[in-house]
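Please read these notes alongside the sequence and the model.

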Protein chains: 2
Amino acid sequence: MNFFSDIPGFDEELARAGEKALELTRDSLCRQPLTEVLDAVFSAPGKMLRPALVLAFGRFGENYPDCADPLTDTAAVVELIHMASLIHDDIVDDAPTRRGRPTIQSAYGKDMAVYAGDYLLSRVLSALVRPGMSAVGQILSRGIGDMCSGELSQYMAQFDLNADENRYFMNISGKTAALFSAACEAGAAVAGCSPDVTAAASRFGHSLGVLFQLRDDLIDCVPSDREKGKKHGMDFTNGIYTLPVIYSLSDTECGPRLRELAGRAPAMDCQALSEELYHLIDKAGGIEYTRWIMRQYSERAMGSLNLLPAAPVKLQLSFLLEALLNIEEGKL
Amino acid sequence: MNFFSDIPGFDEELARAGEKALELTRDSLCRQPLTEVLDAVFSAPGKMLRPALVLAFGRFGENYPDCADPLTDTAAVVELIHMASLIHDDIVDDAPTRRGRPTIQSAYGKDMAVYAGDYLLSRVLSALVRPGMSAVGQILSRGIGDMCSGELSQYMAQFDLNADENRYFMNISGKTAALFSAACEAGAAVAGCSPDVTAAASRFGHSLGVLFQLRDDLIDCVPSDREKGKKHGMDFTNGIYTLPVIYSLSDTECGPRLRELAGRAPAMDCQALSEELYHLIDKAGGIEYTRWIMRQYSERAMGSLNLLPAAPVKLQLSFLLEALLNIEEGKL
């Protein structure tokens, strides 16, 4: 079940992309030591939102449905890029679980996680250097480069209570929006959309990605919910100051209290920390401000969507934007 | 100064490849956080043996010198792949220094090293998806996949005193020989060599790479030299059992003593450990056996070299093989 399930044939295409992603990791001999690790990755599939965007934008061009095979390949590669980035991000975040299962780094060690991510990247490379994939390769390689520099920049800003909004938007544009943007653009390019339409697809993906990350960051600021097993305030504890926090840090009353909380955070109980954090940034207007910025990005994305030709998938894309404005539904 | 300096124009080509590698990492905006890290990597260049092999094999084909530009690009990409792998290997090895300078992971943390390596891989990808690079891309992407699985397999065999020779050769074929082999093959392919010659280039690179690693592993088994600042026995201490050790473990007298030494190694002084280690494996014949295997690989490489057409670079390649049989000269 995904946002595009109502579109005839979509779920089948997405399932094929998932199978193709697995197949791409299996195309060599002597990979025995990897099999166990990769099985662990593939046994807990995510929502496959990024490959779904490739397929959705593939519906806007006149090459569709003839381009179904390269579209599936592209969607599969996008999923592998996402998986590789999750494996490497978990090393940096020291995350114990992902999608309800132990992360590679917690189950097999950081070292294994480094190589498992690299191996997936080598499979991405191998898929993209095949004849006919050059255009998609250029779009996705730019996306990967932007992801790395966004992650690096975020890492270097860690625990910096003077980080500003510009830096924050630069970081999330790289670490999150770059792959969303590249996925939409690659789908449109494979389907033979005009340069104007392909550029609009890329901009849509960028706005959608920023909105997606803003939502994630906002959710991390609401109080933890012990009953539902939801642990929040993790970004703040880890020194990753997101938009609601950055905005509130400049509040004359709450700012100094937030700075003081940042010092105490690592030693605090997660429930108490998240409640105090929410109280402060809500009071400073950080929640309301972030919601307002989210609406701006949703409108920007709608603006790009309006430039795209008519297609049934357009309605679903607007539903996706709407759903992202709602933070009650949990992680998407 | 390298093995090919006598060949007219070679040093200039190699210098251009080095500049190109740096340029490839600089082609985007907003890379500020990376600049400092990458400068640290590029400020301590290595011997550039792998890119030199690309250029050397580029001299065997009839496209040379017309193919000088794609050859330079290929050599630059090979150097970036090597650098990315060194950065990620240092994470796993917890290495404090590399080429006499602090490693990325010791200077900036493991997290930075993960992303810096990924960023270099994204630049590799970006260079290989350009039109006309598909053939080289396929050769090098296979090489990268083999490197990852070799490293993973070695990591999984760590501290396994029952690891056998087959596993060892599989591991070093991946982690080291795969890139040597891909470099030689890619150079020959760019230069338009026939499939037979290109295959011989690949086999030469494989034998050379295995020889290179055997030599490195043998050097790590000779006693440390405190005066010259050479610390040996590190592989053994880290649970990476190389050919001289694996061979000696089956010796009825020295085997049990080596197993016992493995348990004590982490707590031992480096000088004392390396002397005891050398004494045991020398007595068990592990040194002599490894030297014999090295000569086998050198002869295999010579056999492949003989299948290549006449070119001045052939003589230099045979000198390189000879030099690798001598472990007195230190790291190459």
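**Notes on the packing**

1. The buried residues of H3(A) pack against helix H1 (10-24), H4, H8, helix H9 (195-219) and helix H15 (313-325) of chain A. Contact means heavy atoms within 4.5 Å, and buried means under 20% relative accessible area, with exposed over 50% and partly exposed in between (1.4 Å probe, protein chains only). Helices (H or I, at least four residues) are DSSP runs numbered from the N terminus. Helix H3 (residues 49-57) of chain A has nine of its nine residues buried; among them are Arg50(A), Pro51(A) and Phe57(A).

2. On the basis of the notes: this is a predicted model, in which local features need pLDDT of at least 70 and side-chain atom pairs count only at pLDDT 80 or more, while totals for chains, interfaces and linings use all residues. Residues are numbered from 1 along each chain as its sequence is written, chains are lettered from A and ligands numbered from 1 in the order in which they are written, and side-chain values use heavy atoms, with hydrogens and water left out.

3. Helix H4 (residues 68-93) and helix H8 (residues 165-190) of chain A pack at about 170°, their axes 10 Å apart. Axes are lines fitted to C-alpha atoms over the stretch in contact, and angles run from 0 to 180 degrees between N-to-C directions. H4(A) and H8(A) are therefore roughly antiparallel (over 145 degrees). On the H4(A) side the contact includes Pro70(A), Leu71(A) and Val78(A), and on the H8(A) side Leu179(A), Ala183(A) and Val190(A). By class, this contact has eight nonpolar, three polar and no charged residues (Ala, Val, Leu, Ile, Met, Phe, Trp, Tyr, Cys and Pro count as nonpolar, Asp, Glu, Lys and Arg as charged, the others, Gly among them, as polar).

4. Over all chains there are 18 aromatic pairs (rings of Phe, Tyr and Trp, its six-membered ring, with centres within 6.5 Å; stacked means planes under 30 degrees apart). Tyr247(A) and Tyr289(A) are stacked, 4.2 Å centre to centre with 15° between the planes. They lie 42 residues apart, Tyr247(A) in helix H11 (residues 243-249) and Tyr289(A) in helix H14 (residues 286-306) of chain A. Tyr247(A) is partly exposed at 30% relative accessibility, whereas Tyr289(A) is buried at 17%.

5. Glu185(B) belongs to helix H8 (residues 165-190) of chain B. Its relative accessible area is 15%, so Glu185(B) counts as buried. Leaving out residues up to four places away in sequence, Glu185(B) touches Ile139(B), Arg142(B), Thr198(B), Ala201(B) and Ser202(B).

Conventions:
Helices (H or I, at least four residues) and strands (E, at least two) are DSSP runs, numbered from the N terminus. Angles under 35 degrees count as roughly parallel, over 145 as roughly antiparallel, 65 to 115 as roughly perpendicular and the rest as oblique. Rings of Phe, Tyr and Trp (its six-membered ring) pair if their centres lie within 6.5 Å; planes under 30 degrees apart count as stacked, over 60 as edge-to-face and the rest as tilted.
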